[in-house]
Amino acid sequence: MANIRSAKKRIRQTVRRSDVNRRRLSRVRTFVKKVERAITAGDKDAALAALREAEPEIARGAQNGLYHRNRAARKVSRLTAAISKLG
């Protein structure tokens, strides 16, 4: 356990930040799963609607440093390509 005041503060910040990131990541995954479920079911309209909801969540995750912006772009691109294949 840390004895220095700044180290104690850093531990508190890390715990808080990890908690927030865990919630954000879970939220993004939920939105992505909705899109993937609609794609698997073959429902193009539902998949498009789910993607419209998921895209800002994915972008927000990248903006908040949850993961790299290229990863976010790649994820959206792959989901869009999978939906367009349903046609």
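One definition before we start. A residue is buried under 20% relative accessible area, exposed over 50%, and partly exposed in between. Take R27: at 45% relative accessibility, R27 is therefore partly exposed. And keep in mind that this is a predicted model.

Helix packing, then. Two packed helices are described by the angle between their axes and the distance between those axes.

Start with α1 and α2. Helix α1 covers residues 5-41, and helix α2 covers residues 44-63. They pack at an angle of about 160°, with the axes 8 Å apart. Anything over 145 degrees counts as roughly antiparallel, so α1 and α2 are roughly antiparallel to each other. Their crossing is left-handed.

Which residues of α1 and α2 make the contact? On the α1 side we have R27, V28, F31, V32, K34, V35, A38 and I39. On the α2 side we have A46, A47, A50, L51, E53, A54, E57 and I58. What does the contact of α1 with α2 look like by class? It has 12 nonpolar residues, 4 charged and no polar.

Now the next pair. Helix α3 runs over residues 69-86. The axes of α2 and α3 come within 10 Å and cross at roughly 175°. That makes α2 roughly antiparallel to α3.

The α2 residues here are K44, A47, L48, L51, E55, I58 and A62. They meet R69, A72, K75, V76, L79, T80, I83, S84 and L86 in α3. By class, the contact of α2 with α3 has 10 nonpolar, 2 polar and 4 charged residues.

One more spot on α2. A59 lies in that helix. At 43% relative accessibility, A59 counts as partly exposed. A59 and V28 are 31 residues apart in sequence, yet 9.5 Å apart in space, C-alpha to C-alpha.

On to the charges. Side chains of opposite charge can pair when their charged atoms come close. How many salt bridges does a search of the whole structure find? It finds 5.

Look at E57 first. The side chains of E57 and R27 meet in a salt bridge, 3.0 Å from N to O. This pair links distant parts of the chain: E57 sits in helix α2 and R27 in helix α1, 30 residues apart. Is E57 buried or exposed? E57 counts as buried, because its relative accessibility is 10%.

E57 has another partner. R60 forms a salt bridge with E57, and the closest N and O atoms are 3.0 Å apart. R60 and E57 are 3 residues apart in helix α2, so about one helical turn separates them. R60 is partly exposed, at 39% relative accessibility.

Next, a bridge from α1 to α3. The side chains of E36 and K75 meet at 3.5 Å, N to O. E36 is in helix α1 and K75 in helix α3, 39 residues apart. E36 counts as partly exposed at 34% relative accessibility. K75 is partly exposed too, with a relative accessible area of 33%.

Last item. D19, R22 and R23 are linked in a network of salt bridges.

Notes:
Residues are numbered from 1 along each chain as its sequence is written. This is a predicted model: local features need pLDDT of at least 70, side-chain atom pairs count only at pLDDT 80 or more; totals for chains, interfaces and linings use all residues. Side-chain values use heavy atoms; hydrogens and water are left out. Axes are lines fitted to C-alpha atoms, for helices over the stretch in contact, and angles run from 0 to 180 degrees between N-to-C directions. Helices (H or I, at least four residues) and strands (E, at least two) are DSSP runs, numbered from the N terminus. Angles under 35 degrees count as roughly parallel, over 145 as roughly antiparallel, 65 to 115 as roughly perpendicular and the rest as oblique. A crossing is left-handed if the near helix is turned anticlockwise from the far one by less than a right angle, and right-handed if clockwise. Contact means heavy atoms within 4.5 Å. Ala, Val, Leu, Ile, Met, Phe, Trp, Tyr, Cys and Pro count as nonpolar, Asp, Glu, Lys and Arg as charged, and the others, Gly among them, as polar. Buried means under 20% relative accessible area, exposed over 50%, partly exposed in between (1.4 Å probe, protein chains only). A salt bridge is a side-chain nitrogen of Lys or Arg within 4 Å of a carboxyl oxygen of Asp or Glu.
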